[in-house]
Amino acid sequence: MKKIKGSCLCKNIVFEIFNECRYSVLCHCTMCQKSNAEFSNYTKVKKENLKFLKKKNLKWFFSSKKFKRGFCSNCGSSLFFQSRSSNEEIAISSGSLNSKVPVKGHIFYKDKKSNLSFPKIHKKFSQSAQGFFDKFIYKIK
Ligand SMILES: [Zn+2]
């Protein structure tokens with residue numbers, strides 16, 4: 001089966017994603033700056049395409065009314081972003097994966113703190129993309 005393995009830094013949380021995932025999207029919002037780095041980098045999968053092999057240290061932080069962020073309580077790795085009201089899909093930090101899921105674009109670009117510049121071909125939204133990127137599906141090889 002076509003899959004990509006992922007984990008936190010200490011490997012107390014280990015998982016696999018199957019078949020397909022959304023292309024990666026960088027988020028420059030001020031919350032991702034605090035939680036991830038100067039920006040976050042998330043892909044997204046349907047729940048049936050994610051399987052946990054280990055998740056003993058997985059903890060959730062309710063970062064806003066609508067969303068929560070999953071992290072490893074042992075090593076501190078920031079791994080997941082998900083709706084608080086639905087588990088149909090889950091955003092996964094692309095950096096936690098053992099192979100590359102290419103970047104398609106950016107959201108909350110108005111809050112960009114990094115002085116890195118990004119290719120013109122990347123689609124950039126000043127705030128939320130309102131699901132625009134959901135149609136860009138990366139087939140796992
Ligand atoms: Zn860990």
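**Entry 1: strand β6**

I started with strand β6, residues 50-55, in this predicted model. How many of its six residues are buried? I found that the number is zero, so β6 lies largely in the open. The cut-off I kept in mind is that a buried residue has 20 or more other C-beta atoms within 10 Å of its own.

Next I looked up the partner of β6. Strand β2, residues 13-18, pairs with β6 in the antiparallel sense over five bridges. One pairing I noted down is Phe15, whose bridge partner in β6 is Phe52.

**Entry 2: the sheet around β2**

I then followed β2 to its other pairing. β1 and β2 also pair in the antiparallel sense, over five bridges. Here Lys5 stands opposite Glu16 in β2. Together these strands form an open sheet of three, in the order β1-β2-β6, with antiparallel pairing. Which strands stand at the edges? They are β1 (3-7) and β6, each with a single partner strand, so one side of each is left without a neighbour in the sheet. I also noted the twist, which averages 15° from one strand to the next.

**Entry 3: Lys11**

Between β1 and β2 there is a loop, and Lys11 has its place there. I checked the backbone of Lys11 and found phi near 65°, a positive value in a residue other than glycine. As a reminder to myself, most residues other than glycine have a negative phi. Is Lys11 buried, exposed or partly exposed? It counts as partly exposed, because it has 14 C-beta neighbours inside 10 Å.

**Entry 4: the sheet of eight**

I moved on to the other sheet on my list. This open sheet has eight strands, in the order β7-β8-β9-β10-β5-β4-β11-β12, and its pairing is mixed. Its edge strands are β7 (58-62) and β12, each of which pairs on one side only. I jotted down the general point that strands of a sheet pair through backbone hydrogen bonds, either parallel or antiparallel. In which sense do β11 and β12 pair? Strand β11, residues 103-107, pairs with β12 in the parallel sense over two bridges. I picked out His106, which stands opposite Lys124 in β12.

Ser128 counts as exposed, because it has 11 C-beta neighbours inside 10 Å. Which distance separates Ser128 and Ile107? They are 21 residues apart in sequence, and their C-alpha atoms are 5.6 Å apart in space.

Gln130 has its place in the loop between β12 and β13 too. I found a positive phi of about 50° for Gln130, although it is not a glycine. Gln130 is exposed, with 9 other C-beta atoms within 10 Å.

**Entry 5: the whole chain**

Last, I stepped back to view the protein chain. I counted one helix and 13 strands. From the N terminus on, the elements run β-β-β-β-α-β-β-β-β-β-β-β-β-β. The radius of gyration is 14 Å, close to the 14 Å that the globule rule gives for 141 residues, so the chain is as compact as a globular protein of that length. Along the principal axes, the C-alpha atoms fill a box of roughly 35 × 30 × 30 Å.

What share of the 141 residues is buried? Buried residues make up 33% of them.

How values were computed
Residues are numbered from 1 along each chain as its sequence is written. This is a predicted model: local features need pLDDT of at least 70, side-chain atom pairs count only at pLDDT 80 or more; totals for chains, interfaces and linings use all residues. Helices (H or I, at least four residues) and strands (E, at least two) are DSSP runs, numbered from the N terminus. The radius of gyration is taken over C-alpha atoms; the globule rule is 2.2 Å times the number of residues to the power 0.38. A residue is buried if 20 or more other C-beta atoms lie within 10 Å of its own, exposed if 12 or fewer, and partly exposed in between; C-beta atoms are placed from the backbone. Two strands pair if DSSP finds at least two bridges between them. Axes are lines fitted to C-alpha atoms, for helices over the stretch in contact, and angles run from 0 to 180 degrees between N-to-C directions.
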